[in-house]
Amino acid sequence: MKILLASRNRDKLKEVRGKVAGLSLDVLTPDDFPDLPEVEEDGATLEANAEKKALTLHRLTGLPTLADDTGLEVYALDGAPGVYSSRYAGPGATYADNCRKLLQAMEGVPEKRRGAHFRTVLAWIVDGRVRLFDGRVEGRITTASLGSNGFGYDPVFFVPELGKTLAELSLEEKNRISHRGRALDAWVEYLRGAPSVG
Ligand code: IMP
């Protein structure tokens with residue numbers, strides 16, 4: 001079955017494809033269609049953004065559509081950057097800009113107050129019906145970037161159980177424990193129970 005992932009982010013696509021490898025799903029993206037618009041992420045929550053992205057592209061393509069909205073919520077920063085994670089260092093910010101800004105914002109914050117979590121909300125739409133799935137991983141913000149795998153804030157997010165940042169994990173290791181990996185597990189479990197798509 002063909003499904004659409006409502007994201008042009010190739011890093012997310014890699015992680016989604018890694019999870020669905022054993023299922024008979026062909027994961028397309030907006031880049032496979034000539035004229036799909038960019039969907040503005042202007043919602044106040046991850047849920048609202050995920051639902052908006054999925055609904056907009058589902059209506060335009062008619063395909064079952066999965067959208068992912070993810071945020072990094074840092075306790076010492078009252079949940080920032082949260083829903084604004086992609087543009088934390090300003091419009092057009094690169095992953096490195098955002099990590100740098102976060103490390104600066106956390107300068108001088110002691111180890112025990114550096115807790116944070118990633119949260120992913122997935123919105124899945126088939127025939128106009130929306131279902132949401134979420135996943136999170138708890139960790140700590142490092143004092144310097146470490147590792148070169150993954151993307152986004154992975155080099156500054158330390159997972160205590162593994163003693164590594166997300167950027168020091170392979171794709172498979174990250175997918176096993178990450179926010180997105182866990183949300184995708186819940187979605188895949190749902191799909192397996194849905195006779196028409198499993
Ligand atoms: P989006 O709005 O869901 O596309 O993601 C917001 C921002 O969060 C992205 O631009 C990345 O910087 C960051 N992000 C999303 N997922 C991850 C992840 O799995 N690891 C690290 N950073 C991520």
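## Ligand shell

Sixteen is the count to start from: of the 16 residues around the ligand, the nearest are K12, T70, D154, H179 and R180. The model is predicted; local features need pLDDT of at least 70, side-chain atom pairs count only at pLDDT 80 or more, and totals for chains, interfaces and linings use all residues. Residues are numbered from 1 along each chain as its sequence is written, and side-chain values use heavy atoms, with hydrogens and water left out.

By class, the shell holds 7 charged, 5 polar and 4 nonpolar residues. Asp, Glu, Lys and Arg count as charged; Ala, Val, Leu, Ile, Met, Phe, Trp, Tyr, Cys and Pro as nonpolar; the others, Gly among them, as polar.

## Polar contacts and burial

A polar contact is a pair of N or O atoms within 3.5 Å. D69 uses a polar side-chain atom, 3.2 Å from a ligand oxygen. T70 uses a backbone N or O atom, 2.8 Å from a ligand oxygen. Y153 also brings a backbone N or O atom, 3.0 Å from a ligand nitrogen.

Alone, the ligand exposes 480 Å², and the protein buries 94% of that. Areas follow the Shrake-Rupley method with a 1.4 Å probe.

## The pocket

The ligand takes up the space of the largest pocket. Here a pocket is an open set of points on a 1 Å grid over the protein atoms alone, where a 1.4 Å probe fits, with protein on both sides within 12 Å along at least five of seven lines; lining residues have an atom within 4 Å of a point. A molecule sits in a pocket if more than half of its atoms lie within 2 Å of its grid points.

The pocket volume is about 770 Å³. Its lining has 33 residues, and N9, K12, E41, K53 and S86 are closest to the centre. The lining splits into 12 nonpolar, 11 charged and 10 polar residues.

## Elements involved

Strand β3 gives the largest share of the ligand shell, 3 residues. It also gives the most to the pocket lining, with 4 residues. Strands are DSSP runs of E, at least two residues; helices are runs of H or I, at least four.

## Backbone features

D78 has a positive phi of about 55 degrees, although it is not a glycine. It lies in the loop between β3 and β4. A cis peptide bond joins A80 and P81, with omega about -5 degrees. P81 is in strand β4 (residues 81-82).

How values were computed:
A residue is near a molecule or strand if one of its heavy atoms lies within 4 Å of it. A polar contact is a pair of N or O atoms within 3.5 Å; within protein, one must be able to donate a hydrogen and the other to accept it, and residues adjacent in sequence count only if both atoms are side-chain atoms. Grid points are joined across faces, edges and corners, and a volume is the space filled by probe spheres set on the points.
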